[in-house]
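Let's take a walk through a protein model together.

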Amino acid sequence: MHSTLAIEASGLVKTFGEVRAVDGVDLAVRSGSVYGVLGPNGAGKTTTIRMLATLLRPDSGSARVLGHDILHEADAVRGLVSLTGQLASVDEDLTGRENLVLLGRLLGLKRPDAKARAGELLEAFGLADAAGRLVKQYSGGMRRRLDIAASLVVTPRLMFLDEPTTGLDPRSRNQVWDIIRALVAGETTILLCTQYLDEADQLADGIAVIDHGKVIAEGTPGQLKASVGSGALHVRLLDPDQRPEAQRVLERELGSVHLEADPAALSASCADSDRAAEGIAELSRAGVGIGSFSLGQPTLDEVFLALTGHPAEDQTPEEGIEEEQTV
Amino acid sequence: MSTNPTTQAAAAEAAALRKALASTPRPPRAGALSAALTFGWRGMLKVKHVPEQLLDVTITPVMFVLLFTYVFGGAIAGSTGDYLDYILPGVLVMSVLFTTVYSGVALNTDLTKGVVDRFRSLPIWRPAPLVGALLGDSVRYLVAGTVIVVLGLILGFRPSAGVGGVVAALALVIVFAFGLSWVFTTLGLLMRSPNAVMNAGFMGIFPLTFLSNVFVEPDTLPSALEAVVNANPISVLATASRGLMEGDASGGDIAIVLGTAAALTAVFGPLTTRLYRNRT
């Protein structure tokens with residue numbers, strides 16, 4: 001009965017009208033790990049989480065969470081997981097403290113215990129000063145921290161974190177990351193949905209890349225990078241106007257080329273250093289001035305590009321929310 | 001990194017974080033009633049933070065009592081004093097039943113917020129959030145009812161059954177309102193916006209209230225209409241409330257009111273719970 005897999009999902013499908021939001025997702029998440037589900041908005045991440053958290057019935061497919069079937073043992077699942085949703089899952093008409101006491105009571109804590117636990121979490125999450133303020137007056141970062149605290153009132157065996165840092169400033173993002181890292185030290189398994197590649201890279205042990213409702217690649221961050229090629233050649237040109245020419249040369253020599261946000265930079269997936277050197281030589285032969293170049297591990301951004309043929313963050317930010325409202 | 005006050009503070013914070021994140025034993029699950037009452041408490045907290053929410057159960061009933069008594073009293077009953085005896089239990093019924101529509105509006109508003117996802121993912125008795133919200137709303141019904149009775153007493157309303165009768169009438173109206181509010185929570189889960197719930201709700205409750213004996217004696221009506229009015233459960237509720245306040249209530253009427261409330265709860269309670277659970 002006791003499985004070493006915290007989540008085993010096979011063939012999960014969910015359709016909203018015409019849209020196949022989730023189109024046959026398989027997942028295997030080891031207990032005690034942080035598992036990243038990486039994809040752009042509208043890829044089906046939130047819908048997948050909502051099915052696993054028993055909020056949404058899959059149209060087909062099945063999943064076991066901590067050994068319990070999400071359809072037939074939904075109540076057992078709910079007893080072991082907690083959810084931090086994409087829309088902040090806290091009550092903004094109550095204060096921070098009231099939110100946590102409310103959840104403590106609903107989870108079965110006696111009133112004094114619920115109060116004590118709320119105080120402890122508020123303190124730990126840097127919210128003690130704001131404890132008596134209504135959540136609607138909280139900043140985005142404070143709201144997120146409260147949201148995560150609310151998921152920890154009673155330690156869950158599995159925690160769903162749906163885009164915990166979306167919309168946060170870098171400082172708040174770092175605070176949330178620190179909390180997630182501290183959580184990993186415990187026994188809680190975390191399913192982390194994110195559209196930020198560096199977030200998955202920094203926090204996750206395993207990653208599933210999801211696009212258009214399908215898992216298109218899976219593995220450790222290292223494996224994913226390796227699957228794209230052993231590395232990438234990054235080139236920074238002296239003259240941005242020469243980038244089209246450089247792109248032609250590198251595409252001919254090395255294959256797929258990615259234009260960076262920096263107008264003078266581009267990168268090409270490249271299997272070995274000899275070919276990279278050849279590419280550089282071709283560039284100088286073509287008269288392209290090179291400022292600097294390096295051969296390194298591909299970033300997850302490049303992984304995404306290589307897997308999907310489009311960059312990860314080119315879709316409209318509203319899509320993820322639309323997907324929930326289309327009933 | 002050198003030790004300075006900032007890193008020390010950071011270290012202390014990290015220690016507090018680790019302590020808070022240390023695994024806590026899972027308490028036994030909250031009981032059904034305890035969970036529902038906790039949601040009722042949530043409703044009360046909202047009122048505490050935004051007391052203006054009580055306007056519709058305080059100012060509105062006062063307005064109804066004054067308007068109906070002094071505008072219609074002379075024309076309908078010959079004098080405002082005589083009409084007050086008739087209309088006061090009626091306004092009590094009307095005001096409380098109108099308030100039930102807001103239970104649906106409030107639920108619909110709640111659904112647009114992320115917190116509902118958290119409630120739905122908790123290991124609690126499934127109807128607890130809904131039952132709790134309605135228990136909280138029952139407190140609002142009680143406030144509305146009390147305001148009306150107190151104002152009536154000030155204006156000269158003297159119920160012959162005394163305090164006991166008034167309390168019994170109030171309780172009966174609240175029980176019926178609890179049953180009826182399940183209809184509006186169902187509506188609240190089916191409609192797309194709080195405004196739509198409000199409009200649809202009043203489109204139902206408004207004619208239903210006026211097509212009852214809340215304002216006029218049914219025998220003044222055309223006979224076809226009189227039959228409709230007499231069959232309306234709101235008429236039965238108004239008659240039973242008057243009876244309880246005057247000390248001549250019919251047990252049959254009270255049974256019909258309680259039966260209707262039970263039937264509404266039995267049908268629309270599970271329906272609301274089902275819709276709430278399956279809401280995407």
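This is a predicted model: local features need pLDDT of at least 70, side-chain atom pairs count only at pLDDT 80 or more; totals for chains, interfaces and linings use all residues.

Let's begin with the whole of chain A. Along the principal axes, the C-alpha atoms of chain A fill a box of roughly 75 × 45 × 35 Å. Chain A holds twelve helices and 14 strands; helices (H or I, at least four residues) and strands (E, at least two) are DSSP runs, numbered from the N terminus. Of the 327 residues in chain A, 52% are buried, meaning that 20 or more other C-beta atoms, placed from the backbone, lie within 10 Å of the residue's own.

Strand E3 (residues 34–38) of chain A pairs with strand E8 (residues 189–194) of chain A in the parallel sense, over five bridges. Two strands count as paired if DSSP finds at least two bridges between them. In general, strands of a sheet pair through backbone hydrogen bonds, either parallel or antiparallel. A:Gly36 also has an opposite number in E8(A), namely A:Leu192. E3(A) pairs in the parallel sense with strand E9 (residues 206–211) of chain A too, over four bridges, and there A:Leu38 has A:Val209 as its bridge partner. How many of E3(A)'s five residues are buried? Five of the five are: A:Val34, A:Gly36 and A:Leu38 point one way, A:Tyr35 and A:Val37 the other.

Zoom out to the sheet around E3(A). Six strands make an open sheet in the order E6-E7-E8-E3-E9-E10 (chain A), with mixed pairing. Strand E6 (81–84) and strand E10 (214–219) of chain A each have a single partner strand, so one side of each is left without a neighbour in the sheet. From one strand to the next, the twist averages 15°. Helix H5 (residues 140–151) of chain A packs on this sheet, touching E6 and strand E7 (158–162) of chain A, and its direction makes about 170° with that of E6(A). Here, axes are lines fitted to C-alpha atoms, for helices over the stretch in contact, and angles run from 0 to 180 degrees between N-to-C directions.

Chain A has another open sheet to find: four strands in the order E2-E1-E4-E5 (chain A), with antiparallel pairing. At its edges are strand E2 (19–30) and strand E5 (68–69) of chain A, each pairing on one side only. Strand E4 (residues 60–65) of chain A is joined to E5(A) by two bridges, and A:Arg64 stands opposite A:Asp69 in E5(A). Helix H1 (residues 45–52) of chain A lies across strand E1 (5–16), E2 and E4 of chain A, at about 120° to E1(A).

Finally, look at where the chains meet. In contact with 41 residues of chain A are 31 residues of chain B, where contact means that C-beta atoms, placed from the backbone, lie within 7 Å. H1(B) gives the most to that side of chain B, with seven residues.

Conventions. Residues are numbered from 1 along each chain as its sequence is written. Chains are lettered from A and ligands numbered from 1 in the order in which they are written. Two residues are in contact if their C-beta atoms, placed from the backbone, lie within 7 Å. A residue is buried if 20 or more other C-beta atoms lie within 10 Å of its own, exposed if 12 or fewer, and partly exposed in between; C-beta atoms are placed from the backbone.
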